[in-house]
Amino acid sequence: MRESLDTLRNEFLDRIGDGASEQEVERLRVEFLGRKGKLTLMFRGLKEVSPEERPGLGEALNDLRRFVEEKLESRLRELRQREKERSLKAETVDITLPGSRWERGRVHPLTLVMDEITDVFLAMGFEIARGPDIEDDYHNFEALNMPPDHPARDMQDTLFVSEARLLRTHTSPVQIRVMETRKPPLQVIAPGAVYRHDDDATHSPMFHQVEGFMVDSQIAFSDLKGVLTHFLRQIFRPETGVRFRPSFFPFTEPSAEIDIQCLLCDGKGMTQERQACRVCKGTGWLEILGAGMIDPEVFRFVGYDPDRVSGFAFGMGVERIAMLKYGIEDIRLFFQNDLRFLRQFA
Amino acid sequence: MNFTLSWLREFVDFKRSAQELAQTLTMAGLEVESLLALPSRQEKHEDWVMAVAVTPNRGDCLGILGLAREVAALTGGHVRLPPVLPHAKGSGIDRLVDVEILSPDLCPRYSARMVLGVHVAAAPDWMKTRLEACGIRSINNVVDVTNYVMLETGQPLHAFDADRLATKRIVVREAGAIEKLTTLDGVERELAPGDLLICDGATPIALAGVMGGSESEVQWDTHGVLLESAHFHPACVRRAAKRLAIHSEASHRFERGVDPEGTLYALDRAAFLLVEVAGAAPVEGVVDRYPRRAKPASIVLREKKVSALLGVDLPRRETERILKALGMKVRGRSKAAVRVVPPSYRRDLAREADLIEEVARLYGYEKIPSTLPLVRPAGGGLDRRLPRERKLRAFLLGEGLTEMINLPFTSAEMNQRFRGLWGGERRPVAILNPLAQDKAELRLSLIPGLLENLRTNLAHKARSFHGFDFAKVFALDARGAAAEKQQLAGLFYGPRERTGLRSKDGTPPTFLEVKGIIEGIFEVLGIGPEPACSKSDIGAFLHPANAAVVRLGDRDVGYLGEIHPDFCEASGLEPFVVFELDFEGLAEYAPRQLTARPLPRFPCVERDLAVVVDDAFPAERIVRWIKGLNHALIEDVEVFDQYRGSPIPEGKKSLAYTISYRADDRTLTDSEVNQLHQQLAARIGGLFGAQLRM
Ligand SMILES: [Zn+2]
């Protein structure tokens, strides 16, 4: 009988093998452990075994039954696990389909650039001031040392809303309005919309400027250079070349025009194909800021004593900076508000 | 100002190449805008045309002589003057012409010479080439000489045909009430009082400093020429040129200031050239009326001020070297200052600041160091609006709205239809000189701009468009005073999009969803009173029912609603919702002071209440009434459902509310809550004629 136990064990192992399916496992369970199963029958056959042999054989039989039961169970677990894995694999999503979320709105690129500019100056301790878009001649021109019939007024073609009032042609009047009501020290920026009678690929009748100024007892031209160089290197690249050259504005003296090295050709003035760079027109430089020491005449208009205070002022076009930063060639794109354009900005 | 380098070399020697010179001039404030090689017949002498952007303060650089002075100052060279035919002493000219200035303030100086026997013909090629390279069209040798000398000296000249002058008496006077002059361009101009005229006796023959008249113009049969070289008041020339929209080479220069001491040199140079190129015979003598000789400025320059303003210590030697190089005379020295007299051609130098600029300019901006100033805390405080604006934008972006920036110009028609939040009294602001007739007014509302954006994007096959505009609107009050305010408007067209598979898109936002966004805006801004919607007439462009005014306390601060179906039908659009809020009005509400509440210690018991009411009954009334009780045990109440249809009778609706009960000091018992809830339900039934559904 011991021999037949071994035979049965071998038969069971053979049958359960590697490839047995769930049905086969069930069938084996019936065949070995069922009411008429081979092991069951052998348990019954114990009666015929001599009493001396019975305990040893009984134990061996029990061992075999446990072994078969465990084997069947583990095979079943294994099969179910495999089945689960198979079905999980079958039901997975197409992971190459696009992800899905609500479409975000986009901030306008001009706001993006305006915020960047503002943040650099806020971090330097400047504050923000605002002024009206509809200005009077006094704040827009006269107090900025542009009396009537001054040829500098030609530089700014004005849109009028009445004989005495106009749409501000620059944000500089805010300078006057702040100085009229406050005393130095002042470090202020004034962002906002400005208007000109002008409409083409590089000029829009409305555009945006950030005006800034700093007035205290000992502000020098060298400070203007330091503050604006720092600003430009924050907005563009830390290694951006910056150049200050003399210019003219009626409300500053000395006046400066500030250029940065061309962003497209890195200041070389030509492309890799040895063509003149179209962005800087071959000069290697891009005009980016107007600035200067506030003219003593302006101080007199606001009641400051030019012998006791000095200061600098500057102004920049937000559209121009955005166009250079993002390589935009037509200013009108900003105001067409085509989602295909706006969605390019994060 | 365009000029050729070969011409410049006649006035000053310099060793630099064209490119180097361009760089030098640009860095000295005379920005070279272009530099073009000139095709030349003799190959070894390459010539260049240089275009310099002359700033309005530098009238002296509108002539090659002035540029040569700059080059000399910058490179250490010397200026030389081209040959002239000096006006021989004599009274020949006095027998032929007399000059009388009746308005000496507007015409401080008037000089004239005369030549006879000119042969009017084409100018020689060398002259023509130069003029054309500098952008001036060749006319004939006489006119060309006047232009040539103007380019050289910056002094505009005018040539009259002496034989066409009837009286031989030149009178400079202001125009009377009704006078006319046909200018060289053949246009008959109406003159205005204040215009300065050059007259032949009583008859106007030229508009001073702007343009000559066609009557006295040099023609092919001209023999005698009267050359005018005068000085006119800049503002007077500018007013006339501006009014008549004439921008001439002469007016451009007079407006920017011409050297009053340069009139005679220009005449003598022109006489020299007329003899050379037109075979002219000069008449001896010169007429030179100079009733208002300008006193030369005398300016004190303090050494300390130079270093304080520039942030660099300049030795006095360096400062004086620069001033002298620019033609200034040092007239006195003290320990701390010098007294300086600028040359007559630098009319822009009148003050100490002007001299400091000149010192900085020639010293070189690049040599001035960069320093960072000490920033002292300002008294103004931080801008309160900026953080609010940024929060607002971030919220709207999160809700899927994209920011639009529109021009503020619109048509009168749009302003009639979309009046925004201005009351009935306000009128639109009109532009006196608009860019186009349909852009002749400033917007009252941001909606027309958003509608335009919608159209643009639908034309490009956008599936939907959710945009906002955050900008100013403008109006005039009854007295004509202009007002402007920052406003926020939004437009929701089509479903809110999702990225990925299109089937995941949402549905077009409804009135209530947009109302939710407006509530979100108030929440983000932390505005104290809660906004309420009420029915009011906003405008015919909105749906008669699905629209409301947003009220804050007793003020209207905005509106929202569906666009009127008629408008959508006419434009082939699906229904959509817009809103507009007065941000300026909201900004007046200080943000609510936040105080955190501790978490409740005892549980909350919720009970629902369903009532059947008339269809038109506003759900909010019951909420307000319950909140108005300020009952110690009622924590909150909210509407959670609205239902119409069977078994609710026609014309009625069912509203469901959840009421939260809680006590601060104990756990409420069921019976306590039930009793309270039943009492409340009974009162609501009675007060609002509502039938309770259990
Ligand atoms: Zn470049």
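This is a predicted model: local features need pLDDT of at least 70, side-chain atom pairs count only at pLDDT 80 or more; totals for chains, interfaces and linings use all residues.
Trainee: How are helix 2 and helix 4 of chain A oriented to each other, roughly parallel or roughly antiparallel?
Mentor: Helix 2 (residues 22-33) and helix 4 (residues 53-91) of chain A pack with their axes 10 Å apart, at an angle of about 165°. Angles over 145 degrees count as roughly antiparallel. Helix 2 of chain A is therefore, relative to helix 4 of chain A, roughly antiparallel.

Trainee: How many nonpolar and how many charged residues does the contact of helix 2 with helix 4 of chain A have?
Mentor: The crossing of these two helices of chain A is left-handed. On the side of helix 2 of chain A the contact includes A:Val25, A:Leu28 and A:Phe32, as well as A:Glu22 and A:Arg29, while helix 4 of chain A brings, among others, A:Leu72, A:Leu76, A:Glu69 and A:Arg80. Sorted by class, the contact has no polar residues, and its nonpolar and charged residues number eight and eight.

Trainee: Is A:Asp216 buried or exposed, and what is its relative accessible area?
Mentor: A:Asp216 belongs to strand 5 (residues 206-216) of chain A. Beyond residues up to four places away in sequence, A:Asp216 touches A:Pro184, A:Pro185, A:Val309 and A:Ser310, and also B:Arg376 from chain B. Since buried means under 20%, A:Asp216 counts as buried, with a relative accessible area of 7%.

Trainee: Which residue with a positive phi comes just after helix 20 of chain B?
Mentor: Helix 20 (residues 670-688) of chain B reaches 26 Å from its first C-alpha to its last, close to the 27 Å expected for its 19 residues. Its buried residues include B:Val673, B:Leu676, B:Leu680, B:Ile684 and B:Phe688, and among the elements covering them are helix 19 (620-629) and strand 30 (652-661) of chain B. Just after this helix, a positive phi of about 60° is taken by B:Gly689.

Trainee: Which residue follows helix 11 of chain B with a positive phi?
Mentor: In helix 11 (residues 316-325) of chain B, the buried residues are B:Glu318, B:Thr319, B:Glu320, B:Ile322 and B:Leu323. They pack against strands 16, 17 and 18 and helix 12 of chain B. The residue that follows this helix, with a positive phi near 85°, is B:Gly327.

Trainee: What separates the C-alpha atoms of B:Thr667 and B:Val605?
Mentor: B:Thr667 lies in the loop between strand 30 and helix 20 of chain B, and is partly exposed, at 47% relative accessible area. Leaving aside neighbours within four places in sequence, B:Thr667 is in contact with B:Phe602 and B:Pro603. Although B:Thr667 and B:Val605 are 62 residues apart along the chain, their C-alpha atoms are separated by 9.1 Å.

Terms used:
Residues are numbered from 1 along each chain as its sequence is written. Chains are lettered from A and ligands numbered from 1 in the order in which they are written. Side-chain values use heavy atoms; hydrogens and water are left out. Helices (H or I, at least four residues) and strands (E, at least two) are DSSP runs, numbered from the N terminus. The expected span of a helix is 1.5 Å times one less than its number of residues. Buried means under 20% relative accessible area, exposed over 50%, partly exposed in between (1.4 Å probe, protein chains only). Contact means heavy atoms within 4.5 Å. Axes are lines fitted to C-alpha atoms, for helices over the stretch in contact, and angles run from 0 to 180 degrees between N-to-C directions. Angles under 35 degrees count as roughly parallel, over 145 as roughly antiparallel, 65 to 115 as roughly perpendicular and the rest as oblique. A crossing is left-handed if the near helix is turned anticlockwise from the far one by less than a right angle, and right-handed if clockwise. Ala, Val, Leu, Ile, Met, Phe, Trp, Tyr, Cys and Pro count as nonpolar, Asp, Glu, Lys and Arg as charged, and the others, Gly among them, as polar.
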